[in-house]
Amino acid sequence: MKKYRNKFIILILVLLAYSCKKISQTKQSVALTNYAAFDWFTYKGQDEMFNKAINPKEEFLNPILSGFYPDPSICAANGKFYLITSTFSYFPGIPIFESTDLVNWKQIGHVITRKEQGDFSGANVSEGMFAPTIRYNKGIFYVICTNVNGSGNFIVTAKDPAGPWSDPISLPEVNGIDPDIFFDDDGKVYITHNGPPPNNISLHDGHRAIYMLTFDLKSEKITSEPKLLVNGGTDMAKKPVWIEAPHIIKKDNFYYLICAEGGTAYNHSEVVFRSENVDGPYVSYENNPILTQRNLNPNRENEITTTGHADFVKLENGDWWAVFLGCRPYEDDMYNTGRETFLMPVQWIDGWPTIIGGNDPIPIVSKKPNLKAATESINATTGNFEVMDDFNDLVLDAQWNFIRTPLEKWHELQAGKLYIKPRNESIHTQTNFSFIGRRQQHQQFETATKVTYKLSDSRQAVGLVAFQNEKHYLLLGKRLNLEGKTEVFLERCAANLDDKSASIIRKQVLETDPKDLFLKIEGENRYYSFYYKTKENAPWVLLEKGIDASVLSTKIASGFVGTYLAMYTSLNHFQKQ
């Protein structure tokens with residue numbers, strides 16, 4: 001009798017649990033009725049330059065991280081490599097990748113995942129997190145970085161590089177950007193950074209300097225006054241500009257200081273200095289720069305530009321490699337994809353390092369590092385690939401970012417859909433508007449999504465956006481016009497050109513208000529085309545072909561980021577019609 005009673009109790013508990021779950025799901029479903037529901041999101045890269053036939057056992061493609069992954073920093077730990085890049089005002093911030101062969105990279109998380117680590121509210125898209133450095137020392141990973149519109153320079157730590165990472169250790173004494181942390185053999189720790197010229201007296205535009213301070217790990221405090229290491233750059237007679245991104249490397253009893261010089265645009269380069277003492281004096285290499293593309297024929301095939309901002313890593317076999325940023329432009333050094341991460345070997349000649357081929361055209365195909373091939377199957381970060389997110393996971397995939405730090409939760413993943421809450425914030429404002437996006441990683445690409453959203457007001461909008469910043473974007477979406485008809489529209493904003501505000505450049509009234517809307521953007525270098533349909537098996541309808549998307553290029557939009565392709569919605573997108 002007792003056995004049956006226990007079974008009965010278990011049955012009751014199971015039924016209660018099931019009922020509670022159904023009630024919870026019903027409540028959540030009701031709560032999400034006013035959300036825009038995105039069923040899936042696809043992205044496909046189709047760059048001609050990646051169609052080269054390679055031997056994947058012996059060769060790799062550059063860039064190793066295509067799309068907006070600038071200012072790379074790398075370290076080795078426990079037989080693996082870890083790489084991070086800048087993210088500016090995107091959140092989560094500072095993606096962290098893991099690799100065993102330097103070529104295939106798996107994103108294992110982000111360093112900045114909480115508001116306490118970085119609040120980018122009100123920041124410009126190209127503010128936020130600048131130029132992080134990652135290092136490993138005695139079982140602990142360190143990331144040092146600059147939050148340019150927030151807490152300034154800081155350090156975060158983790159025992160597991162996948163996180164969680166600590167709250168920031170503030171470094172108010174570091175007066176500048178691009179900090180590096182160096183652990184010397186004697187246990188002393190040093191921080192170097194870009195800063196203003198001595199006594200804040202600029203001898204020419206772009207005059208900057210590199211400084212060093214000591215740091216105590218136990219007290220987590222700066223313990224010295226800043227010491228000047230490099231004033232201006234490699235040769236003051238040539239008025240060098242923007243010496244920055246310093247990294248200290250020790251080899252054969254010499255300390256090497258590698259830095260970016262020339263600014264982050266076409267004249268970007270990497271240079272090196274050397275000293276017998278960690279705090280100098282540092283001597284400039286007579287064959288500087290060790291990396292630049294500024295002196296090459298701009299009409300060369302598969303042009304890569306703006307190379308610089310490098311970091312070195314040593315392999316267990318003694319080989320050295322460099323990661324650095326570069327760009328793949330179309331026409332007159334325009335690029336929508338932003339600054340990307342490249343990989344090339346380092347050669348040491350007469351006690352000085354040089355990035356092999358660094359002053360020659362960077363090849364798309366190179367010989368792999370002498371490392372055991374990766375065996376894990378991971379998502380591609382370069383070459384032509386296709387990805388689809390059907391939103392079946394409980395958390396957003398690492399490819400997705402918000403613009404600025406969310407101060408409230410306005411998205412949900414439920415029943416194979418991504419629900420995004422329309423709010424009063426809109427894409428025209430420097431806010432955390434309802435936007436979830438991924439990087440455009442190719443010059444030729446297509447991306448599409450399916451969205452379900454019932455419009456109720458002519459101010460509302462939902463759609464798919466190619467976004468560089470709030471004043472430079474192309475938005476394909478749907479809205480209600482003043483007659484209450486549903487329209488598919490294409491909106492363009494190009495504040496640095498002819499448009500001082502957003503304008504509708506094409507619209508199409510739909511016969512009915514469809515339950516679902518499918519949206520697609522195709523890009524081919526400078527020109528993007530926009531499509532829609534209302535049924536899954538129907539052919540795509542061309543809304544507008546060959547729109548000039550150079551408004552998304554860094555050359556026109558300015559700043560330091562690349563284009564994002566994002567799902568977007570707002571209650572207040574159209575303030576006036």
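Q: What makes a residue part of the lining of the second largest pocket, and which residues lie nearest its centre?
A: A lining residue has an atom within 4 Å of a point of the pocket. In this predicted model, 28 residues line the second largest pocket, and F91, P92, L396, F402 and H411 lie nearest its centre. Strands β7 (106–112) and β29 (411–414) each supply at least two residues of that lining.

Q: How many residues of the lining of the second largest pocket are nonpolar, polar and charged?
A: The lining has 15 nonpolar, seven polar and six charged residues. The space in this pocket is about 540 Å³.

Q: What is the volume of the largest pocket, and which residues lie nearest its centre?
A: The volume is about 780 Å³. Its lining has 28 residues, with C75, A76, Y136, V313 and K314 nearest the centre. Among the strands that each supply at least two lining residues are β3 (73–77), β8 (129–137) and β22 (305–314). By class, 16 residues of the lining are nonpolar, four are polar and eight are charged.

Q: Why is one side of β22 and of β25 left without a neighbour in the sheet?
A: The open sheet has four strands in the order β22-β23-β24-β25, with antiparallel pairing. Because β22 and β25 (352–355) stand at the edges and each has a single partner strand, one side of each has no neighbour in the sheet. From one strand to the next, the twist averages 35°.

Q: How do you know that β23 and β24 pair?
A: Pairing requires at least two bridges between two strands. Strands β23 (residues 320–327) and β24 (residues 340–349) have seven bridges in the antiparallel sense, so they count as paired. L325 stands opposite T341 in β24.

Key
Residues numbered from 1 in each chain as written. Predicted model: local features only at pLDDT ≥ 70, side-chain atom pairs only at ≥ 80, totals over all residues. Heavy atoms only, no water. 1 Å grid on protein atoms, 1.4 Å probe; cavity = no way out; pocket = protein on both sides within 12 Å on 5 of 7 lines; lining within 4 Å. Points joined across faces, edges and corners; volume = space filled by probe spheres on them. Nonpolar A, V, L, I, M, F, W, Y, C, P; charged D, E, K, R; others polar. Axes fitted to C-alpha atoms, helices over the stretch in contact; angles between N-to-C directions.
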